[in-house]
Amino acid sequence: MRHFLLSLITSLFVSVGQAVSQESVAAFGGLDTCFVSEPISDALWTKMQGKTYKPNPYIGRQDLRHIRVLHWDYDKKIHTGELVCNKKIADKLVSIFRQLFEQRYPIERMVLPEEYDADDEKQMRANNTSCFCYRPIAGSSKLSKHSLGLAIDINPLYNPYYKVLKDGTRFVQPATAKIYCNRKATFPYKIDHKDLCYRLFKANGFQWGGDWRSSKDYQHFEL
C-alpha cells in the first residue's frame with residue numbers, strides 16, 4: 001500500500017514547483033499523500049553529489065530525508081514543493097508546512113538548490129525556500145546549520161540576511177534584497193513576530209535569525 005501511495009506522490013511531483021489543481025490532489029489520494037518524508041532515493045542522492053552534498057565526517061545519506069509538500073502563493077494556486085532536511089526535523093517540517101498550507105500562507109518557490117547549482121545567492125534571489133546544503137556560513141569558515149540540514153530559509157529574497165561590518169557598510173544576502181532590510185516597511189512575504197510562519201517554527205523549538213543581535217537573518221529558522 002505504501003509503495004502504491006509513493007508512486008502516486010511521485011507522479012504528482014514529476015515537475016516540482018508546478019501549479020496543480022485541487023482535483024489532481026484529490027485524485028492522487030488527498031492531502032495526506034502530499035505531505036510526506038522519505039529516505040533519500042538513489043536518483044536524488046546522485047543529483048546532490050558535488051552540489052548540496054560533499055563528502056564529510058558529520059552527516060551522511062542516512063541522516064537526511066526528502067520532504068514533499070504542497071504550498072500556496074499569491075497567485076492563489078497550489079504548487080508542489082520539495083526540500084532535503086535532517087531526519088531529526090523531518091516530521092516537524094511536514095507538520096509545519098501542512099499547517100501553513102491549510103492557512104494558505106504564501107511561499108513563492110520550494111525547489112531543490114540543485115536547480116540553482118547549489119548557489120545560495122542565486123536561489124535566494126529567486127526567493128527559493130530551502131534547507132540542506134553543505135556549506136560554510138557566508139564570510140566564514142564555520143559550517144552553517146544548513147550543512148546539517150537543521151536550518152531552513154523561508155522566502156529569502158524578502159527576508160534577507162544582513163550584517164553591519166566594521167567599516168560601517170552593510171553586507172546583505174541576497175545582494176538584491178537591500179530594500180527589504182527595512183522591516184518597518186510593508187511588503188509581501190515579510191516574516192516578523194506576528195507572522196504565522198514565525199509562530200509555528202517557534203512553537204516547534206526553532207530559533208529565528210531575526211532575533212539575532214550581531215546580525216539579522218529574517219529568512220532563517222534553525223533547531
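Modeller: Before we start, contact means heavy atoms within 4.5 Å. Keep in mind that this is a predicted model.

Biologist: Okay, how do I read the core? Which residues touch the most other members of the largest nonpolar core?

Modeller: The general idea is that in soluble globular proteins, nonpolar side chains tend to be buried together. Here the largest nonpolar core has 47 residues, and Phe97 and Phe221 touch the most other members. Strands E3 (64-72) and E4 (78-86) and helices H4 (90-102) and H6 (196-203) each supply at least two of its residues. H4 gives the largest share, seven residues.

Biologist: And which residues does Phe97 touch?

Modeller: Leaving out residues up to four places away in sequence, Phe97 touches Phe35, Val69, Leu70, Leu83, Ile107, Met110, Ile152 and Ile154. There's also a second, separate core of 11 residues, with Tyr53, Val84, Leu112 and Tyr134 among them.

Biologist: Now pockets. How many residues line the largest pocket?

Modeller: In general, rolling a probe the size of a water molecule over the atoms shows where empty space is left. The largest pocket holds about 490 Å³ of space. Its lining has 23 residues, with Ile137, Ser144, Trp212, Asp217 and His220 nearest the centre. Sorted by class, that lining is eight nonpolar, seven polar and eight charged. Helix H5 (120-125) and strands E6 (161-164) and E10 (220-222) each supply at least two lining residues.

Biologist: What is the strand order in the open sheet of three strands?

Modeller: Strands of a sheet pair through backbone hydrogen bonds, either parallel or antiparallel. In this open sheet the order is E5-E10-E8, with antiparallel pairing. E5 (151-153) and E8 (207-208) are the edge strands, each pairing on one side only. Two bridges join E8 to E10, and Trp208 has Phe221 in E10 as its bridge partner.

Conventions:
Residues numbered from 1 in each chain as written. Predicted model: local features only at pLDDT ≥ 70, side-chain atom pairs only at ≥ 80, totals over all residues. Heavy atoms only, no water. Core = buried A, V, L, I, M, F, W, Y, C linked by side-chain atoms within 4.5 Å. Buried < 20%, exposed > 50% of the residue type's maximum accessible area, 1.4 Å probe, protein only. Helix = DSSP H or I, 4+ residues; strand = E, 2+ residues; numbered from the N terminus. 1 Å grid on protein atoms, 1.4 Å probe; cavity = no way out; pocket = protein on both sides within 12 Å on 5 of 7 lines; lining within 4 Å. Points joined across faces, edges and corners; volume = space filled by probe spheres on them. Nonpolar A, V, L, I, M, F, W, Y, C, P; charged D, E, K, R; others polar. Pairing = 2+ DSSP bridges.
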